[in-house]
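Hi everyone, thanks for making time for this. I'd like to walk you through a structure that may be new to you. Have a look at it first, and then I'll start.

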Amino acid sequence: MSIPVGSALPTGAAPEEPGPDAAATPSDSRSAKTRRLPRLGLGGWISVAIIAVAVLLAVFGTLVRPYDPNEVRLSYANVGPMGGHLLGFDGAGRDLLSRLMVGARTTLLGAALVSIVAVAIGSSLAVATAWFGGRLDTAVSSGLDVMFAFPGILLAVLAAAVFGPGLLAAGLALAMAYSPYLARVLRGAALKERAMAYIQAGEVQGFSSWWLCFRHLLPNISSLIVAQGTIFFGFAVVDLAALSFLGLGIQPPQADWGVMVSEGKTPLLQGYPLEALAAVACIVLVVSAVSFLGERLQERSTGAQR
């Protein structure tokens, strides 16, 4: 028997051709609610545009950069905008615009990897505890409570101190630190779906737990998963930039927004703020856009589940 994704499982015999007075199914009710959800609005579409530009820079920045981001010309150190160099030069005489464009890749790619790993761990824990409950739920909840005591940035610093500076160790530590928060939020939604009649009907009809989880439960909370992943992507951008600023993330001379803030702090004190301000502006714009979009998506997902 083929059952469409996200639709209610049958609990009894139903007519093949329901009449116009037939009762609405849960899926029909959800579709009606979805049509009444708030739109993204002007701010949402501006956020989408900012994120799209940042993603394009991350993908094609190395191809469209006007100059070599690592070419050093000391005679142009801290020189402001001039012909062909829209943002001027940094303290080592490197083109600022080129470094911003190339630095988008490491900044956004690292944050994307952190959020993907965190979402994978958090959603797996949430679905497992909601489905099986009992001792597993108690044990996982206790472990999550312990994880809440450790700030994410502290775990990343410890990982960098143990395994050395770099993106991999710090990124995995941040993902582990984010996953308890994701699991706690997603567990509530998974518990609500677990108690729905279509899940109970599927169990009565003999469908496996794996099939019900991956074919029905997860798709019905996917909007909340995407919303939470988007929000934590913004957190990851800030935390990874902070680690690079401290010298524990991406290492110079590689172009990265956090590295540029770190390298620009000395020129900033000397009266040349452009390098630090340009990198900070990029971080603030991307994080603000991602956070706003994530909140709008969460509002839509919360409204769809009511």
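**A walk through the chain**

So, of the 306 residues in the chain, 42% are buried, where buried means under 20% relative accessible area, exposed means over 50%, and partly exposed is in between, using a 1.4 Å probe and protein chains only. Before going on, please keep in mind that this is a predicted model, where local features need pLDDT of at least 70, side-chain atom pairs count only at pLDDT 80 or more, and totals for chains, interfaces and linings use all residues. Residues are numbered from 1 along each chain as its sequence is written, and side-chain values use heavy atoms, with hydrogens and water left out.

What is the chain built from? For contacts with a separation of 6 or more, 72% are between residues 24 or more positions apart; a contact here is heavy atoms within 4.5 Å. The accessible surface is about 15,700 Å², and 67% of that belongs to carbon and sulfur atoms. Those areas come from the Shrake-Rupley method with a 1.4 Å probe, and for residues only the protein chains shown count as cover.

Now let's look at helix 3, residues 96-132. Helix 3 packs on helix 4, residues 134-147, at about 145°, with the axes 7 Å apart. The axes are lines fitted to C-alpha atoms, for helices over the stretch in contact, and the angles run from 0 to 180 degrees between N-to-C directions. On the helix 3 side you'll find Leu125, Ala128, Thr129 and Phe132, and they meet Gly134, Leu136, Asp137, Val140 and Leu144 of helix 4. That contact has six nonpolar, two polar and one charged residues. For those classes, Ala, Val, Leu, Ile, Met, Phe, Trp, Tyr, Cys and Pro count as nonpolar, Asp, Glu, Lys and Arg as charged, and the others, Gly among them, as polar.

Helix 3 also packs against helix 6, residues 167-194, at about 35°, and here the axes are 5 Å apart. This contact divides into 20 nonpolar, six polar and two charged residues.

Next, the aromatics: how many pairs does the structure hold? There are six aromatic pairs, with rings of Phe, Tyr and Trp (its six-membered ring) pairing if their centres lie within 6.5 Å, and planes under 30 degrees apart counting as stacked, over 60 as edge-to-face and the rest as tilted. One of them is Trp210 with Phe214, a stacked pair at 5.6 Å centre to centre and 10° between the planes. Both sit in helix 8, residues 209-220, four residues apart, or about one turn. Trp210 is exposed at 67% relative accessibility, and Phe214 is exposed too, at 52%.

Then there's Phe232 with Phe235: the centres are 5.2 Å apart and the planes are at 85°, so this pair is edge-to-face. These two lie in helix 9, residues 222-245. Phe232 is buried at 8% relative accessibility, whereas Phe235 is partly exposed at 38%.

Last stop: Asp256, in the loop between helix 9 and helix 10. Is Asp256 buried or exposed? With a relative accessible area of 3%, Asp256 is buried. Beyond its neighbours within four places in sequence, Asp256 contacts Gly103, Thr106, Thr107, Ser244 and Ile250. Asp256 and Thr107 are 149 residues apart in sequence, yet 6.1 Å apart in space, C-alpha to C-alpha.
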